Amino acid sequence: MAFEFFKGFGVTFSHMFRKVITTDYPFKPPVSAPRYHGRHILNRHPDGLEKCIGCELCAWACPADAIYVEGGDNTEEQRFSPGERYAKTYQINYTRCIFCGLCIEACPTRSLTMSNEYELARDSRQDLIFTKEQLLAPLLPGMEQPPHPMRLGDSEKDYYVGALTNPGTSAGAERAPWAEASQVDGSEPTGVTL
Ligand code: SF4
Ligand code: SF4
């Protein structure tokens with residue numbers, strides 16, 4: 001009996017001197033791994049135009065049916081992206097998303113990427129359906145809020161040739177210190193801890 005007693009407390013004592021793995025959340029949120037699959041971002045070209053062309057490939061690739069895209073036609077007066085089409089409506093339903101990343105693999109323009117943001121708890125299901133305005137990357141200095149004409153060239157090719165050396169806003173942009181300040185559309189900066 002006495003042996004069982006000391007054996008039980010032995011387990012407790014052996015844990016008392018181990019390294020503490022609990023974190024002081026939410027005051028000191030743990031830093032996620034660099035390639036952690038968190039909240040999505042819809043990126044922009046360096047002039048502020050949207051990279052999304054409303055092709056719906058991400059929606060078709062999604063195994064959880066979490067993405068809804070409705071394409072629209074760009075016109076010379078109302079241009080949101082280079083080329084013919086843009087995403088008139090774009091939504092991701094985070095009650096469905098399993099963060100598998102298949103959507104970002106399918107995206108032909110590297111418009112859709114994933115950030116490290118994991119603080120996605122909301123009070124209602126409705127709030128977990130993120131709209132295009134919430135998903136769009138904030139404007140960097142030098143970028144202009146669409147709609148506006150193409151600034152990088154006369155055709156959409158000018159946006160894609162050499163794009164890797166001038167990538168515009170890319171994954172993780174929303175965690176940058178300027179993200180909150182440059183949220184120009186008046187929307188809430190989507191629960192980001194900066
Ligand atoms: S990460 Fe996976 S589940 Fe979530 S929207 Fe993309 S494809 Fe769908
Ligand atoms: S995010 Fe990419 S795959 Fe999805 S509609 Fe836009 S361009 Fe197409």
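Among contacts in the protein between residues at least 6 apart in sequence, what percentage join residues at least 24 apart? The share is 74%, where two residues are in contact if their C-beta atoms, placed from the backbone, lie within 7 Å.

The model is predicted: local features need pLDDT of at least 70, side-chain atom pairs count only at pLDDT 80 or more, and totals for chains, interfaces and linings use all residues. Residues are numbered from 1 along each chain as its sequence is written, while chains are lettered from A and ligands numbered from 1 in the order in which they are written.

**View 1. Overall fold of the protein.** The protein has five helices and five strands, taken as DSSP runs numbered from the N terminus (helices: H or I, at least four residues; strands: E, at least two). Their order from the N terminus is α-β-α-β-β-α-β-β-α-α. Of the 194 residues, 25% are buried. A residue is buried if 20 or more other C-beta atoms lie within 10 Å of its own, exposed if 12 or fewer, and partly exposed in between, with C-beta atoms placed from the backbone.

View 2. Ligand 1 has 13 residues around it, and C62, C97, C100, L102 and C103 come nearest; a residue counts if its C-beta atom, placed from the backbone, lies within 6 Å. This shell holds 12 nonpolar residues, one polar and no charged. Ala, Val, Leu, Ile, Met, Phe, Trp, Tyr, Cys and Pro count as nonpolar, Asp, Glu, Lys and Arg as charged, and the others, Gly among them, as polar.

View 3. The unreviewed UniProt entry places a "binding site" feature at C62, C97, C100 and C103. These positions are spread over 42 residues of sequence but cluster in space, with a largest C-alpha distance of 10.3 Å. UniProt annotations may be inferred rather than shown by experiment. C62 sits in the loop between α2 (57-61) and β2 (67-73), and C103 in helix α3 (residues 102-106). C62 is buried because 20 other C-beta atoms lie within 10 Å; C103 is buried, with 24. Beyond neighbours within four places in sequence, C103 contacts C58, A61, C62, I67 and L112.

**View 4. Surroundings of ligand 2.** Around ligand 2 there are 14 residues, the closest being C52, C55, C58, C107 and L112. They divide into 10 nonpolar, three polar and one charged.

**View 5. Loop residue M150.** M150 lies between α4 (132-135) and α5 (157-160). M150 counts as partly exposed because it has 19 C-beta neighbours inside 10 Å. Leaving aside neighbours within four places in sequence, its contacts are L49, R79 and P82.
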